[in-house]
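Please keep the model open while you read these notes. Each point takes up one local feature.

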Amino acid sequence: MEKAKIFQLTPLMREEWFLSLEKMIDSDFAPNWNAWIGDRITQEDYRFVKEFESSVYSKKEVPSSVPPPWLILKIQKLKFTSSYFYERLNGISLPEEFHKIPLMTREDLQNKITEILPTDVDFSRLVVNPTSGTTGKPILAPNHPKAIGCYVPLIEYSLSRHGVELKKGHDHTAAIQLCHQNQTIVYATSHSLAEGSLFAKINLKEKEWKEKDHLQKFISHFQPQFLSGDPYAFETAMKMNLKYSPSALHSTALELEDNLRIALSDFFKCPVVNFYSLNETGPIAYSCPVHPDWMHIISEDLFIEVLDKEGFPAKEGEILISGGRNPYLPLLRYATGDWGEIQYGSCRCGDSFPKLKLLKGRKPVYFEDTKGERINPIDVSRILRKEPNILRHQFIQKKDGSYELNLSVYVPAQTEFIQKLESEFKSLLGSDADIRIKTDLPSDSGKIPVFLNETKEEKN
């Protein structure tokens with residue numbers, strides 16, 4: 001374990017934190033670690049996040065359907081530091097004509113990110129997190145360590161609303177994140193913002209462990225207070241009969257359906273907290289402890305709109321986000337592509353912030369390889385994200401069990417390019433997989449289902 005590297009990745013690291021982290025990394029039951037991760041939190045970042053945390057727990061301004069003064073002030077300032085904001089706000093009288101500001105789209109984040117970036121920020125701290133989302137075209141979302149650090153108090157707040165208070169310190173494991181992917185980064189780290197509490201990301205795949213029973217022993221030994229992950233990973237852990245009862249499950253990334261939420265809660269004997277968060281926005285809302293199919297907006301630095309198909313404010317429609325805490329990616333009426341219903345007014349749980357109900361969320365779509373084993377679509381995206389010639393993609397498992405990969409490419413695909421993709425997908429799906437690759441997918445901004453499994457539709 002490279003001590004100097006760990007201290008560099010986590011500037012506020014203390015000696016006792018490092019010793020606890022070292023025990024986790026060197027554990028006899030540890031997985032095959034493949035990455036070094038740190039929070040990169042400086043003293044200045046720490047103060048920023050702690051001030052933000054205080055605002056989350058002492059919410060004062062209850063969001064409404066009217067853009068708040070802080071948002072108007074923020075975007076007026078950005079007009080002079082971002083050419084994108086200048087163009088969007090040109091001729092607009094604020095706050096009266098806020099509703100006339102053109103929507104920020106995924107295509108803007110894909111194609112105009114350099115125009116959106118403010119010119120008065122220090123880019124030396126920039127972290128890039130690519131995401132494919134719902135269009136098949138990646139967004140290279142810029143982020144800042146302090147904005148990423150804000151996840152910690154927001155997760156803690158969402159857990160506390162469900163009666164779970166975390167113990168902090170280097171002798172506690174805050175969480176272990178579960179994944180079930182063919183390939184993913186696997187690491188252990190220490191969180192400066194949780195007083196050195198340990199955190200690990202692990203892969204449930206058997207090949208990632210030295211012995212078959214080490215997964216169970218690792219989790220049982222380090223006693224994470226909660227498990228995080230997406231519904232697919234939790235369902236897989238349940239089917240594997242993982243014997244561990246945390247204080248909570250914290251689910252994000254995909255829609256958590258009611259029947260699975262109930263099954264997970266019964267199996268793991270704990271509450272399941274659903275988290276609505278996008279890579280490009282950060283956390284947006286958490287599930288209400290009284291009405292779990294509704295999600296409360298989590299912080300007052302986000303302004304939420306809901307517009308119908310004609311673009312008018314409505315109770316039900318597409319969810320728009322403005323504001324946020326990421327200095328590299330200020331949001332201005334960002335159209336998330338998620339469809340939802342918004343409800344204002346008091347709630348029996350005690351949270352006065354508005355509630356969202358996702359109506360057309362990111363439903364999980366899974367595939368099967370030629371042996372009938374489940375394949376996570378993230379593994380499909382991982383292969384395609386490495387290819388700079390791919391503009392958009394769509395992956396379909398056909399009714400006959402074959403696979404169809406539709407691509408939009410920047411330059412005409414050569415035989416070598418197609419053969420390389422075929423080889424990678426056969427490694428993922430099976431050497432006998434029938435894969436058909438086409439390069440005639442339209443490159444325009446029209447929305448398409450990125451992942452389809454026609455065999456599941458047929459069974460339904």
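**Notes on the model**

1. Asn241 is partly exposed, with a relative accessible area of 35%. This is a predicted model. Asn241 belongs to the loop between helix H11 (231-239) and strand E7 (248-251). Look at its backbone: phi of Asn241 is near 65°, a positive value in a residue other than glycine.

2. Gln223 also deserves a look. Its phi is positive, about 50°, although Gln223 is not a glycine. The residue sits in the loop between helix H10 (214-222) and strand E6 (226-229). Gln223 is partly exposed, at 46% relative accessible area. Most residues other than glycine have a negative phi, and most peptide bonds are trans.

3. Now check a proline. The peptide bond from Leu94 to Pro95 is cis, and its omega is near 0°. Pro95 lies in the loop between helix H5 (83-89) and helix H6 (106-111).

4. How many disulfides does the structure hold? The count is 0. A disulfide needs two cysteine sulfur atoms within 2.5 Å. For Cys288, the closest cysteine sulfur is in Cys347, 3.7 Å away, so this is too far for a bond. For Cys347, the closest cysteine sulfur is in Cys349, at 3.6 Å, and that is again too far for a bond. Cys288 is buried, at 0% relative accessibility. Cys347 counts as buried too, at 12%.

5. Last, the surface. Phe123, Leu126, Val128 and Leu140 form a nonpolar patch there. Together they have about 350 Å² of accessible area. Leu140 is part of strand E2 (residues 139-143). Its relative accessible area is 55%, so Leu140 is exposed.

Key
Residues numbered from 1 in each chain as written. Predicted model: local features only at pLDDT ≥ 70, side-chain atom pairs only at ≥ 80, totals over all residues. Heavy atoms only, no water. Patch = residues over 30% accessible without salt bridge, like charges linked within 9 Å, V, L, I, M, F, W, Y side chains within 5 Å. Areas by Shrake-Rupley, 256 points an atom, 1.4 Å probe, with all protein chains shown as cover. Salt bridge = Lys/Arg side-chain N within 4 Å of Asp/Glu carboxyl O. Helix = DSSP H or I, 4+ residues; strand = E, 2+ residues; numbered from the N terminus. Buried < 20%, exposed > 50% of the residue type's maximum accessible area, 1.4 Å probe, protein only.
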